[in-house]
Amino acid sequence: MTHAPAGSLLAATGLHKAYGPTKALDGADFSVHPGEVVAVMGPSGSGKSTLLHCLAGIVPPDSGSVTYAGRELTAMSDAERSALRRTEFGFVFQFGQLVPELTCVENVALPLRLAGVRRKEAEHTALAWMEKLQVEDLAGQRPGEVSGGQGQRVAVARSLVTGPRVLFADEPTGALDSLNGELVMQLLTEAARSTNAAVVLVTHETRVAAWSDREIVVRDGRSRDMERAI
Amino acid sequence: MSTGTTPATAPAARTGPGGDSGAGTGALRVWFRDLAMGARFAFTGGRQGWTRTLLTGVGVGLGVALLLISTALPSALAARTDRGDARSWLGSPTAEHPGQDTLLIARAAQSYRGKDIEGVLVEAEGPDAPVPPGLTQVPGPGELAVSPALKRLLDSPDGALLRERLDGRITQTVGDAGLTGPAELLFYSGRSGLRPAVEGFSRVERITAFAYERQTEKLGPVLVLLVVLTFVALLLPVAVFIAAAVRFGGERRDRRLAALRLVGADSRMVRRIAAGEALAGSLAGLVLGAGFFVLARSVVGGFDIQQRSVFPADLDPAPWLAALVAVAVPAAAVGVTLFALRGVVIEPLGVVRTAKPARRRLWWRLLVPLAGLGLLVPLTGRGDDGGEFNRWQVTAGVALLLVGITALLPWLLERLVGRMGGGPVSWQLAVRRLQVNTAGAARLVNGIAVAVAGAIALQMLFSGVEDDYTKDTGQDPGRAAVSILIGDDAQDDLDQLARQVAGYEGITGAVPLRSVQAAHTAPAEDGLIDVTIGSCAALREVALLDSCKDGDAFLATGSDDRARTYGGTAAPGDKLFAGNVRGYEKAVAPVPFTVPAELPRVASRPDPVGALRAGLLLTPSVAPADTGGYGSRQIFVMAEDTDGDGLERARTAAYKASPLSTAMTLAQTKRDAGYSTVRIGLFFGATAVLVLIGTSLLVSQVEQLRERRALLSSLVAFGTPRSTLSLSVLWQTALPVGVGMALAAVFGVGLGVVLMRMAAAPVRIDWGPVAALTGVGAGVVALVTALSLPPLLRMARPDGLRTE
Amino acid sequence: MSIGHTLLGLLEAGPRHGYDLKRAFDEKFGHDRPLAYGQVYSTMSRLLKNGLVEVDGIEPGGGPERKRYAITDAGVTDVETWLSQPEKPEPYLQSTLYTKVVLALLTGRSAQDLLDGQRAEHLRLMRILTTRKRKGDLADQLVCDHALFHLEADLRWLELAAARLDQLAKEVRR
């Protein structure tokens, strides 16, 4: 459990992270293979989100290592990690992620634009993804004008638009009802599987976790891989 | 502040919204109850609650302090003028002969290291001689009375050279009653042997009282225009700013109001509660403002701008103006809050801004400035002498024109931004945000735009009338640094004095010149002839001489004007009289002399002070003897360094020779002092206003960033470079400011043109100041953006994701 | 629910009389369905026969109800195995799961591990159901959803139980 399993795309060992006196992570391990959906479960405050932030290079851990495709994330500069997030990773959060002033298609195209793709081309690709997530009709609307489920699917489209190799989803259905949650999960996992992307899915709902291939449990900042524990 | 009302209002609040359908007193009570509850929220809403109140308080307080200072300024200036008048002897009763109550008095203003020092020579001729204000007695011969500021200067090492000039015994300090300001440099020097005026020839006067009857002077029409415009241009942005300050933290407040709706407050109630909160903030602002004002007042005594200072005690706002501020500011706070909430529906579950406000219409927005223009245009040309402006018409016209900017800006911004699209991500983010919230962006810029437009118009008006105030003196500082005119009671020999001055360190030359008037007969009957006497080197300063040696004489052609004025001509060999040729004083006889037979005509050249001399130019050996104090004696002093010690020593030597000597520092142009004061005042006022508005910009910018914390964090999470976010913040301010500045430039120049027409000044647009002022406005924005970057970068951290 | 394992678990805390066992069982797990004494007797006989318990002593006064039982090492192992073996996920498991949690706490074992293990077992089934749902027709989807929701309910209840463990532990040990 202390070494990254062979063939893993993203792996972490011995992660420690404290926010002031609070230990968010206290020796957590993790690994995910390409095309694999791993659910990160645990009670609230257990360090799930912090684990995701460390894995995605959003937050540098206090100690421990995170390797992505053989590269050590903790040794990268902020700019390098930003570039990595822009090009290799995708993100879906619970809420607060769509820019309210931009239209939906502009929101979806945003990561491509940040990567330097021309506006027309970016929005063309964005529309294709919106079609896959069945929200192409909302292209011209602003996030405030669409429902929560639709907005979340727009967010999923945005997370996939750059063809990321790892998709990070933090409670992606947290603010949705069952039906919309199902839909988002189905579309998200299908899209990820079709591109052979790995998915790190943070959730406290088992029904959402049931879309995963494997789960790990985070408790008091420590991780527990259920497949290998039993 | 509301702790006293808390127990009473809390149960009353619980009776619910049904209470406000009562009679008049009931309704009043309901209002009071809700306002008090809002006020309580303002102070007890936890750390965030009171920091926001404090922010509003400081903002409003700064505005209030500025208002109070502006309202106090006229009385302060009036007090200055009054005391200046009280010690003036212009128009004082005079006496022909010495008496018990007569005082001989003469002005002997000095300059020292670029500072002007007011000086008065006094000599009491009897025990009842009038005592100048601020003094207990008339200084006796050799005694000095100095102002506190001058005393400090004389006592400091910096004033050592001045002490040599003013070497009398200091026996008194001039009291505040005799000073225009705390930093004024003033001395009274006790003298003996002053020669009073005879037939208006000397500067010495014999007076019996210090009493200056001040005619209630009507301000000139152009001055009225300037004063009105200055006040409107400075106060309008302050008003705009106060309106913005009471909206600090508005979004968060709206959310709290929604929570109140959830527990049963009706929509009218929450509006009143919001008003109460704003009221509390503005009251805190009034208190802080009064504090800032007192603070400013106490430090104002230490300020000395261009040698003009104000006594703290003079800075007293008129009571009714202060009362007006005290009433208007809270009332405006309530009004602005209610007005701002008019487009907002506060529902129990959140705040709904009335979806898509109607497309902004142009016509009424154009109507505002056009109405202003309509009021001003009929006044065109009235600025000529004798014309008069209706003050209210001017005020209303200017105010409407400037307010027109705030009406047009949102419309223009909406139109402009509505068509924008492409460009980099940062640009797109900014443009889209502006499209959604045009009004908010415009509100931020309104103040700056109005201030800049007003300042541009003022600037234009100033440069338009500048010709009246700035004179080309014709002086040539390159040829001489100082021109000393020796007092007519000086006993010293001119050449001796010139040699003494030339010996000082840093002095490169001292050219003495005498000039007297001559005539064919005494008393003069057929016109006077100017005679200039000096060495060849000295004469070369006034005429173009091919060759010259002692004993030569020349006839300078000069300008026709002068020749005509005096009418006299001299031919070679003529016998003339010089000196007292008009027969003023019988005791001094005219001095006869003969014009040499050789008298070549030479062309005049302007002397260093710019005078083109005509008449006889004589070298010393053919000149008339001493003319007994008639005529003038002048020394042109050349120096390496215009503010060196040598020049100060030269001035001292001149003062020693006669305290009535004047040492004039030569300058290319001369600007009227009053004019430059107004200009400096305008500059400081505009700067203060811009800083104030910049502060409010910064506060709302940071506020807005905090609102979007989660969004910023998620943008950073998926790899948005921080530079993109920073740039988008920059665009977001720069765009509205760009539009605002363009509008301000157009309106400012337009208003300036109208005003110049009104002042009957030649219309001339100087783009330099326009660019400078819009540049200052843009600079404020750049500064605000720079200052909001650290909070942006702090907030755009993943911690923002954790709070969810 | 296995009464045999439950009684064994109760004995792990210390030897008890048959009557005490019935009382402890009724108090902690019986709620609305008290255990018949005959059932205790037959169960204990079976456990004795299997060597999982032994008679620790007989109170004077005679009668089978006066026997004092103690758990054997084999009995402890049996409880251990039973507790660590996740239950096959199926609806209405709560009484068994509850008994397991209480016994785990009573015998000083980790209830967290038990919960994690049970969740993993549930998830295994839920994944199968989810996959079937994704590939199936509408009827399949509805059937699977029904099962999924019930399984989720069990787990949520378990999560809640886990969150309240401290409180529960105090009450159980009293």
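## Close-up views of the contacts made by chain A

**View 1. Polar contacts between chain B and chain A.** In this predicted model, six residue pairs, both partners at pLDDT 80 or more, are in polar contact between chain B and chain A. On the chain B side, the elements that give two or more residues are α12 (425-436), α19 (709-717), α20 (722-758) and α22 (799-802). Sorted by class, the chain B residues that touch chain A are 13 nonpolar, nine polar and six charged.

**View 2. A salt bridge between B:Arg432 and A:Glu106.** Zoom in on these two side chains and you will find them joined in a salt bridge, with 2.1 Å from N to O. Between chain B and chain A the count of salt bridges is two.

**View 3. The extent of the interface of chain B and chain A.** Here, 28 residues of chain B are in contact with 27 residues of chain A. Together the two chains bury about 2500 Å², and carbon and sulfur atoms account for 62% of that area.

**View 4. The extent of the interface of chain C and chain A.** Now we turn to the other partner. Contacts here link 18 residues of chain C with 21 residues of chain A. The area buried between these chains is about 1800 Å², with 53% of it on carbon and sulfur atoms. Three residues deserve a label: C:Asp116, C:Arg127 and C:Arg134 supply 32% of what chain C buries against chain A, more than any other three residues.

**View 5. A salt bridge between A:Arg224 and C:Asp116.** C:Asp116, one of the three residues labelled in the previous view, meets A:Arg224 through its side chain in a salt bridge of 2.9 Å, N to O. The count of salt bridges between chain C and chain A is six.

**View 6. Polar contacts and helices on the chain C side.** Seven residue pairs, both partners at pLDDT 80 or more, are in polar contact across the interface of chain C and chain A. Two elements of chain C, α6 (111-135) and α7 (138-163), are those that give two or more residues to the side touching chain A. The largest share, 13 residues, comes from α6(C). By class, this side of chain C divides into six nonpolar, three polar and nine charged residues.

Note on methods:
Residues numbered from 1 in each chain as written. Chains lettered and ligands numbered in written order. Predicted model: local features only at pLDDT ≥ 70, side-chain atom pairs only at ≥ 80, totals over all residues. Heavy atoms only, no water. Contact = heavy atoms within 4.5 Å. Buried area = accessible area lost by both parts, 1.4 Å probe. Salt bridge = Lys/Arg side-chain N within 4 Å of Asp/Glu carboxyl O. Polar contact = N/O pair within 3.5 Å; in protein donor to acceptor, adjacent residues only side chain to side chain. Helix = DSSP H or I, 4+ residues; strand = E, 2+ residues; numbered from the N terminus. Nonpolar A, V, L, I, M, F, W, Y, C, P; charged D, E, K, R; others polar.
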